[in-house]
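Hi everyone, thanks for coming. I'd like to walk you through one chain today, from the overall picture down to a few single residues.

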Amino acid sequence: MTNGAVTEVARVLVAADKFKGSLTAVQVAERVTAGLRRVVPELEVETLPVADGGDGTVAAAVAAGFERHEVTVTGPLGEPVTAAFALRGTTAVVEMAEASGLQLLPAGVFAALTATTYGSGELLRAALDAGATSIVFGVGGSATTDGGAGMLAALGARFLDADGKPVGPGGAALAELASADLSGVDPRFAEVDLVLASDVDNPLTGPKGCAAVYGPQKGASPEDVETLDAALAHYARVLEKAIGSRAAELAASPGAGGAGGIGYGALLIGASFRPGIELMLEVLGFAPALERATLVITGEGSLDEQTLHGKAPAGVAAAARAAGKEVVAVCGRLALAPAALGSAGIRRAYPLTDLEPEPAKSMANAGPLLEQVAENIARDFLA
């Protein structure tokens with residue numbers, strides 16, 4: 001049976017993000033491919049795992065042919081962690097979540113006030129040392145709300161309290177900041193093309209700032225949110241004394257609030273801001289893969305309102321629609337009406353919960369369920 005969408009499909013492009021907590025983007029592509037080929041054994045399938053700049057971005061780059069480089073850096077709690085960046089030629093993809101992400105915290109442990117981005121700065125420096133002259137800096141999934149101060153300190157900036165001592169790690173400590181000096185930041189950043197890839201356009205502070213909007217996800221209580229927002233506002237004022245009005249302008253810029261304000265730190269050292277999925281699709285070589293495809297399958301763990309605001313499936317669907325290609329989506333759970341899906345350029349969505357309504361069971365068996373879903377897509381669109 002077919003729903004009449006496509007009668008003959010020469011090539012399917014699977015360009016999906018991870019199912020967070022269940023499957024990586026690479027595993028999603030593998031499972032979808034397996035399910036499709038059970039129904040159409042000779043089907044041509046091209047896989048291009050995608051990411052929007054958050055966790056999974058380096059993995060997507062490696063799947064697209066970048067080389068993985070591992071280094072030891074400072075984790076969000078100050079302990080050593082192994083983090084990776086991706087390199088192809090002189091272009092590096094650096095993911096802040098590799099060094100400063102929530103996934104690096106022990107289960108049930110949060111450090112909203114004290115988590116540091118110092119390791120993200122070390123990771124950027126490692127990419128420079130490896131010869132990168134163009135860096136895509138993907139931000140998202142952070143454990144931190146320190147305005148990028150830790151990252152900047154790792155790159156040579158100095159943040160001192162009234163006694164002339166370095167302020168402590170984390171956003172709350174910025175309340176003690178008395179002076180800032182960015183003159184020691186690694187001079188190579190003046191020559192590097194640094195692009196901030198983020199799926200959020202929040203400013204640094206205020207009701208739409210990083211502490212207010214994302215702090216609670218990192219364990220911040222309402223009182224912690226107030227503490228962090230006030231400390232970040234103070235941080236921006238001290239920086240304004242150090243480098244002038246540009247500090248205040250950048251604090252209000254879209255993307256400054258990305259990943260606990262690390263976007264602000266990146267903007268301070270010359271980064272330009274672009275929506276993460278738009279930039280990542282370019283880096284991963286999506287356009288030529290799209291041209292070869294007749295049907296595109298995208299998706300992520302939860303298709304919901306957030307999806308429509310810069311998440312990977314929305315970016316894939318928008319590009320595919322512009323190219324006149326049919327798009328369907330796979331997901332763990334679906335919280336969008338058909339009209340919203342259609343507006344995003346997605347013809348139909350296939351949630352795993354249609355097969356297994358119990359969320360815990362659906363997540364635990366996501367791989368086999370996704371293969372079944374892919375079989376259904378093949379019968380509906382390819383048979």
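Let me start with a convention for charges: Lys and Arg count as positive and Asp and Glu as negative, while His and the chain ends are not counted. The place of a charge is taken as NZ of Lys, CZ of Arg, CG of Asp or CD of Glu. On that basis, the chain has 27 positive and 44 negative charges, and their mean positions lie 3 Å apart.

A word on what you are looking at. This is a predicted model, where local features need pLDDT of at least 70 and side-chain atom pairs count only at pLDDT 80 or more, while totals for chains, interfaces and linings use all residues. Residues are numbered from 1 along each chain as its sequence is written, and side-chain values use heavy atoms, with hydrogens and water left out.

Now the overall shape. The chain holds 15 helices and 13 strands; these are DSSP runs numbered from the N terminus, with helices being H or I of at least four residues and strands E of at least two. The C-alpha trace spans about 75 × 45 × 35 Å along its principal axes. The radius of gyration, taken over C-alpha atoms, is compared with a globule rule of 2.2 Å times the number of residues to the power 0.38. For 383 residues a compact globule would come out near 21 Å, and the chain, at 21 Å, agrees.

How much of the chain is buried? Buried residues make up 55% of the 383, where buried means under 20% relative accessible area, exposed over 50%, and partly exposed in between, with a 1.4 Å probe and protein chains only. As for contacts, meaning heavy atoms within 4.5 Å, 72% of those with a separation of 6 or more join residues 24 or more positions apart.

On to the inside. A nonpolar core here is a set of buried Ala, Val, Leu, Ile, Met, Phe, Trp, Tyr and Cys residues joined through side-chain atoms within 4.5 Å. The largest one has 54 residues, and I135, F137, F159, Y235 and Y264 have the most contacts inside it. Apart from it lies another core, of 38 residues, with A86, I277, V316 and I346 among them.

V316 sits in helix 12, residues 312–322, and counts as buried at 0% relative accessibility. Leaving out residues up to four places away in sequence, V316 touches A15, V50, L281, F286, V296 and T298.

Within helix 9 we find A259, buried at 10% relative accessibility. Its phi is near 55°, a positive value in a residue other than glycine. Most residues other than glycine have a negative phi. After helix 9 comes G270, also with a positive phi, near 100°.

T144 lies between strand 6 (134–138) and helix 5 (149–154) and is buried at 0%.

For contrast, let's end on T90, in the loop between strand 4 (80–88) and strand 5 (91–95). T90 is partly exposed, with a relative accessible area of 41%. Thanks, and I'm happy to take questions!
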